[in-house]
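Work through the exercises below with the sequence and the model open. Each task is followed by a solution in steps.

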Amino acid sequence: LRQLCGAVLVSAAFAVAWVAVVRAAGLQIAGVPPRDAAWMLSPALLPLLASVLAPWSLSRVRHT
């Protein structure tokens, strides 16, 4: 539970930073279609994806 909360917190911080970068680039998320907005915000999910896949991949490397 503790590690899950940490992973979610890091992912949320990364998402907030990514939205700030997108806004600083001059892109308006609210003015684009939902599909394009999802693609624009998809890099914000990378830390969460890495935290989910890391235990699996590390275990796989360790046991081969």
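**Exercise 1.** Determine which helices each supply at least two residues of the nonpolar patch, and which supplies the largest share.

Solution. Step 1: α1 (2-24) and α3 (46-62) each contribute at least two residues to the patch. Helices here are DSSP runs of H or I with at least four residues, numbered from the N terminus. Step 2: α3 gives the largest share, five residues; Leu46, for instance, has its place in α3. Step 3: the patch members include Leu1, Leu4, Val8 and Phe14, as well as Leu45 and Leu46, and together the patch has about 970 Å² of accessible area. Areas follow the Shrake-Rupley method with a 1.4 Å probe, and for residues only the protein chains shown count as cover.

The model is predicted: local features need pLDDT of at least 70, side-chain atom pairs 80 or more, while totals for chains, interfaces and linings use all residues. Numbering starts from 1 along each chain as its sequence is written, and side-chain values use heavy atoms, without hydrogens and water.

**Exercise 2.** Find what Pro47 touches, leaving out residues up to four places away in sequence.

Solution. Step 1: locate Pro47 in helix α3. Step 2: its contacts (heavy atoms within 4.5 Å) are Ser11 and Phe14.

Technical notes: Patch = residues over 30% accessible without salt bridge, like charges linked within 9 Å, V, L, I, M, F, W, Y side chains within 5 Å. Salt bridge = Lys/Arg side-chain N within 4 Å of Asp/Glu carboxyl O.
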